[in-house]
Amino acid sequence: MSDQFADLKILIVEDQGEARAMMRNMLTELGVTQVFEAPDGREAMNFIDSAFDFINLIICDWNMPGMSGVELLRQLRTVDPSLPFLMVTGRSDMESVVEAKSSGVTAYIRKPFSPKQLEAKLRIILYKMAA
Amino acid sequence: MDPQFSLLMFYIYGFLAVLLAVSFAGVVYFQLQKANRYICALEQASAVTGCGLVFFDKHSQFLDANTHAHAFMPDLFVQDHSSLRRKGINIKSFFNYCYDHAVDVDDNFVETLGRSYEVSGEVSGDYNFWEVIRTHNGRLCVVEAQPLNDGGIGFIILDVDNVKEREEHVLRLNQANRELFEAIEATTSGMIITKADENGQHLVTFVNRAFCELFAFEKEDIHLKDLLELCRMRGGEYLLKRLQSILKQEKGGNIELRYDNNDKANSWYDLKLTPVYDEDGQLELYVGIVSDISELKAREKEVSNGQRLDALGQLAAGVAHDFNNVLSIIDGYTRLTMVANEGNPKAIGYLEKIKTATDRGANLIKRMLTFSRHKIVDEDVIDLGETIRDQEQLLQPLLNASIKFNILSDSEPMYIECGQDTITQILMNLVVNARDAMPHGGALFVEVRYCDQKSLPKELQSEDEQTYCVLSVADTGTGIEADVVERIFDPFFTTKDKDKGTGLGLSMIYGLVKQNGGLIKVDTKLGRGTAMNLYFPLTDKAPKAITGSFEDVDEISFDGFTVLLSEDEPDLRELVGNMLEERGMNVLRACDGHEALYLEDDYEGKIDLLLTDVVMPELNGVELADLLCELQPEMKVIFMSGYPARGQSAHVDIPLDSTFIAKPIVHEDLIRIIYGILTNADSGTLEGQDIRTPRWKSEGHEETPPREGYAS
């Protein structure tokens, strides 16, 4: 496993515990060592506020009860306009994709996804971060 | 004679003379007063008709004239009446005036004139005078003599133009009335007018033809019948009560009624009653209009059906979403476990089974999401007619010998934006349904035809005049019951056995057609069969098309195809990119693997081909293809390498089943390779071949000598 993702510090925002755990496992398989979790948008914002500049990527579910992924992204952009944001979505209609892109996500990935698809998205994010 | 007596006599005679004169003056005064009243009355009457009146006494002396006469002959009546009388204007000067202004001198006029001279001013009383004159302002007037009882004579002056205008006005009114009546008779809405009587009844005074035809009445049978009685004759208890309630309130209202007449069953009508009040505010009439609202009712039903399906779609999308989350976890862990068990074929075999099951689940979710319109529609442009014709081989095995199968399509291309797979899915579902509806055999027609604006369903008719084609799948089967038709698009609704259908087929088709901006109409008759008509909007966009052949490379083009070209050598990237653009391809240029990933992520369409250099910094071509194929599963891949054959690269191991072209790139060879891989034609012969000795060239021929090409 290459160490290309070794510098990533990722916050997973997902309301379902099993999905969070699976994402963590996939990221670990890809060589990401620093993974943090938040069960909803509010806790995610608390985490970002308390550990500002600590994480360098958020992976967030689109559909969550309470604060949705898009709402979290809007709030995040008021405090950090550039923190990379990977949106995980179960929806794949063109309107949702356009909405995700226009709301300022760095990349999006559709459920269900394979480790390779996740790797491709992480590479795109790294490419954009470097650019 | 005694002078005193003479003086007395003089006074007496003088007094008598004065008395006589006063009496005479009084008589004249009263006569004049009487004449004036007479004139006043006539003046008022003539003001209505607009005619002029001139009177002469039995001595042919001017007596009086009304203001209209003055207006017609202002140069005759230049002075006031008393001066005229004093001056002695007589009938002669009136005749002369008429003579001077006559437009056509009547014989009677000359005769009359002569006679009037003969009697030297005495009026004979039998004048027969009628003449047309032109007045000072050019208007034509008829002057007509009218003998009076006292021996005098009156002249009536009638403005012909005015009369003509009045006549025309009356004619126009009659015409308008007739047109109005004809319009009311011709209209398809029923019309009824009732008049309220003192007994509280509403008696029919008018009904138009449509009303009679609608409720099968004869006009004369219902004339002056009470409205409620009519209602008893044709309507039910509900209608009667509703009508009574409206009539009682005297404010009008409307009733929607279902009425089956001879021509149309299941017809709906709207009866709108509008009250008309008299000047005292008392109810005088009711005007009732009966409109056919069957179509509106049908539309309402469709809308509510559509809303129900939308709600079901949202429900299905919600369920699918949660289910997808669960499935993602199973799928994710399966994949992770597969990676962890690479050396354990038994475990991998079990995991493959889990994966197959999750794939089936994922497929089911896709279909549910398709129904709820939450799935990306592939936006290929296809010729629907050609696509249908190509399906025949695929569809025939689904049918048994007792079913006669016909495919009909116009030869004109009908381009729609829809994936070929989508059409296949739709057709297979519809054909299987049609087959199941014909257990004892029958005929099945699959037809594609152009649909002009006139034959479009109302829902699709619009001002922008979008054109459509219709895909019709018709059978001669059992038909569908009315209560079933309403539910056939509901997800999981099925009339088939549990093991035969999931109830998602038609829901999916419904979603697919809606996503394409189309419409489904079901035409079914019990015992006769069913036709499913799917309307698709036609597009002006050009379809993806490959032209040319292996033998004629110059003619090969790949219109509408998208290629992602990843090459770190700028000159070669530009050269190959331009070359492919010249062949009609849409080229996305990337300088390395990461940029290629980025371009794929940013591009919203489907990428047909990845043409990538093998050796690139950071992310090599094989790794790139590995990642991109996960994101674009249908994408084809061609590797380019500076090493002349597979396995010669020290750094990268190109998969054996991949397509490979060695650098330097020969233009024609690259085009042939792309042609082969995109058309799936002869692709097996290309695998693992060095492009310098392709099999289609070398078979039975001398080995083709190396040609000059492009190299990085």
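The model is predicted, with local features needing pLDDT of at least 70 and side-chain atom pairs counted only at pLDDT 80 or more, while totals for chains, interfaces and linings use all residues. Residues are numbered from 1 along each chain as its sequence is written, chains are lettered from A and ligands numbered from 1 in the order in which they are written, and side-chain values use heavy atoms, with hydrogens and water left out.

Chain B has a mean pLDDT of 79, with 80% of its residues at 70 or more. Within chain B, confidence is lowest in helix α23 (residues 695-698), at a mean of 30, and highest in strand β20 (residues 562-566), at 95. Helices (H or I, at least four residues) and strands (E, at least two) are DSSP runs, numbered from the N terminus. Residues 106-123 of chain B have pLDDT below 50, and this stretch has 32 contacts in the model beyond near neighbours in sequence. Where pLDDT is low, the predicted coordinates should not be read in detail.

Chain B contains an open sheet of 5 strands in the order β7-β6-β10-β9-β8, with antiparallel pairing; two strands pair if DSSP finds at least two bridges between them. Its edge strands, each pairing on one side only, are β7 (202-207) and β8 (253-258) of chain B. From one strand to the next the twist averages 25°. Angles run from 0 to 180 degrees between N-to-C directions, and axes are lines fitted to C-alpha atoms, for helices over the stretch in contact. Strand β8(B) pairs with β9 (residues 268-277) of chain B in the antiparallel sense over 6 bridges. K272(B), in β9(B), is the bridge partner of N254(B).

Two helices of chain B lie across strands of this sheet. Helix α9 (residues 227-234) lies across β6 (190-196), β7 and β9 of chain B and runs at about 135° to β6(B). Helix α10 (residues 237-249) lies across β7, β8, β9 and β10 (283-292) of chain B, at about 170° to β8(B).

The structure holds 2 cavities of 30 Å³ or more. On a 1 Å grid over the protein atoms alone, a cavity is a set of points where a 1.4 Å probe fits but cannot get out, and lining residues have an atom within 4 Å of a point. The largest cavity has about 90 Å³ of space, a volume being the space filled by probe spheres set on the points, which are joined across faces, edges and corners. Its lining includes M22(A), F113(A) and I329(B).

Key: Contact = heavy atoms within 4.5 Å. pLDDT = per-residue confidence, 0-100. 1 Å grid on protein atoms, 1.4 Å probe; cavity = no way out; pocket = protein on both sides within 12 Å on 5 of 7 lines; lining within 4 Å.
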